[in-house]
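Subject: Structure handover

Hello,

The structure is below, followed by notes on what was found in it. Please read the cut-offs along with the values.

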Amino acid sequence: MNLTLNNHMKLVLKNGVELLCDHQDQIIKEWADILEYMKIHHKKSVHAFEFAFSFFSQFLKMNEQNIDHLISDIRTEWFQQFHRPPEPNLLIFILSLLENAVHKVIKLNTTRSFHLHPSVQFLFSKICEEMLASTKHDKFHIDSLCEQMVQSEQLDIEWIARVEHVENGYRLKKITGLSMEFQVIASSWFQITEEILQKAGRKKGKSDVFPIPWKNETLLFCINNHDGASFVPFLTYAMHVLQIEEENYQIHWKDGVILFNEWIMRSKNLDEAIKNIAYGYAHYLPFERCAIFRYSNTEEKGQGLFGYHFNDEEIRSIKEDIDNFPSLYKSLARLNPANEALKNFQPLYFSHASEEFPYRYVQTFQLESVVVAPIYVPADGKLIGAAFLDRGPGKFFDVDSNTFAALLKFGQGAGELLSKFTEPEH
């Protein structure tokens with residue numbers, strides 16, 4: 001059997017979905033407990049988590065294992081409910097809660113579960129990637145493009161139907177340009193197009209219908225024009241440009257993650273690993289300086305381990321109570337909630353360090369904007385430390401969703417490596 005890399009990764013995603021389906025009752029219970037806790041404590045993110053809980057619960061109860069359905073549907077339904085792209089911090093927070101609950105259930109129910117966790121990690125990272133892609137490039141999203149085409153005065157398009165290829169045939173996913181909604185599933189392309197045309201209708205003699213492939217779908221265009229074939233090259237080109245935009249968005253941060261992991265895996269001991277991690281954060285992401293800190297959960301302190309492009313001696317001399325960093329302390333407090341499943345790991349961005357960090361550190365290191373990226377092992381729900389990152393002395397900067405996605409994966413890779421060199425904290 002010739003299994004391509006693409007097919008293999010789809011299999012890994014499918015395995016992740018199957019794990020969720022196999023343990024769905026316990027997973028849904030964990031998620032329900034989180035939601036109840038958030039409602040009682042009036043968490044600001046409760047509405048977003050409630051949406052995710054409802055969506056994933058329905059998905060699992062249907063025993064649907066098509067990852068393309070999952071990713072595209074959650075993105076579409078998010079936009080329909082909230083009418084805006086998800087904020088990167090909120091998205092990472094919600095997905096982290098969902099994922100950590102899954103890891104917990106699998107670990108409780110499976111001996112030697114270490115080989116199962118990567119499929120779950122990959123599944124949620126893929127969902128995060130697709131959702132973050134929509135935050136920056138929502139104007140390039142296929143649904144938005146279809147709406148723009150139907151509304152355009154230059155293109156006389158009556159409606160556009162998105163038909164997806166499912167295991168036993170075809171399914172109408174969405175139709176743009178009509179006020180009515182209907183469902184169509186068929187075993188052949190001819191059958192499904194006939195049923196769509198019968199229900200959607202077209203102006204006989206005045207409109208033409210053209211299919212154009214799009215990823216694992218086919219778009220069916222109904223055009224009000226005697227010479228509709230003249231539009232086909234334009235529509236095909238538009239689909240091609242859209243796919244290039246999406247691929248270009250995804251490829252850069254993925255490359256950074258690959259290069260980072262390749263770089264740190266050459267480490268032979270703990271000291272080398274720490275230095276390689278610090279260098280990797282600064283080299284493969286848009287940062288100039290990186291300081292690595294170990295976090296002690298028992299002492300609630302941060303201990304400096306290494307500074308890249310910082311004064312290393314000064315970084316190593318730091319041993320600071322976390323409660324001296326208000327927002328950081330508040331974030332870490334969420335890692336020890338009454339509901340254990342509320343643990344989550346997400347990067348924190350501080351536009352003005354002077355508002356969050358002790359004055360002596362702001363002055364000593366000339367801090368302006370700072371990112372604090374967690375270094376963690378998600379399968380164990382364990383925070384190991386953090387990377388403090390900036391773009392040099394006194395530099396202000398913003399952080400885009402691309403970088404947030406990469407920071408999440410960098411932290412996971414760094415955490416898993418460091419956990420191999422360190423004894424568990426007692």
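The protein chain exposes about 21,200 Å², of which carbon and sulfur atoms supply 51% (Shrake-Rupley method, 1.4 Å probe; for residues, only the protein chains shown count as cover). This is a predicted model, in which local features need pLDDT of at least 70 and side-chain atom pairs count only at pLDDT 80 or more, while totals for chains, interfaces and linings use all residues. Residues are numbered from 1 along each chain as its sequence is written, and side-chain values use heavy atoms, with hydrogens and water left out.

Of the 426 residues of the protein chain, 53% count as buried (under 20% relative accessible area, with exposed over 50% and partly exposed in between; 1.4 Å probe, protein chains only). The chain has 14 helices and 11 strands (DSSP runs numbered from the N terminus: helices are H or I with at least four residues, strands E with at least two).

Strands

Eight of the eight residues of strand S10 (residues 370–377) are buried, so S10 is largely enclosed by the rest of the structure. Val370, Val372, Pro374 and Tyr376 point one way from S10, and Val371, Ala373, Ile375 and Val377 point the other way. S10 pairs in the antiparallel sense with strand S9 (residues 348–350) over three bridges, and with strand S11 (residues 382–390), also antiparallel, over seven bridges (pairing requires at least two DSSP bridges between the strands). Tyr349 stands opposite Val371 in S10, and Val377 has Lys382 in S11 as its bridge partner.

Aromatic rings

There are 21 aromatic pairs (rings of Phe, Tyr and Trp, the last by its six-membered ring, with centres within 6.5 Å; planes under 30 degrees apart are stacked, over 60 edge-to-face, the rest tilted). The rings of Phe310 and Phe365 have centres 5.5 Å apart and planes at 90°, so this pair is edge-to-face. The pair links distant parts of the chain, 55 residues apart: Phe310 is in the loop between strand S7 (301–308) and helix H11 (312–316), and Phe365 is in helix H13 (residues 359–365). Phe310 is buried at 13% relative accessible area, and Phe365 is buried at 9%.

The rings of Phe325 and Tyr361 have centres 6.3 Å apart and planes at 10°, so this pair is stacked. Ring pairs also link Trp31, Phe51, Phe55, Phe56, Trp78, Phe82 and Phe124 into a cluster.

Regards
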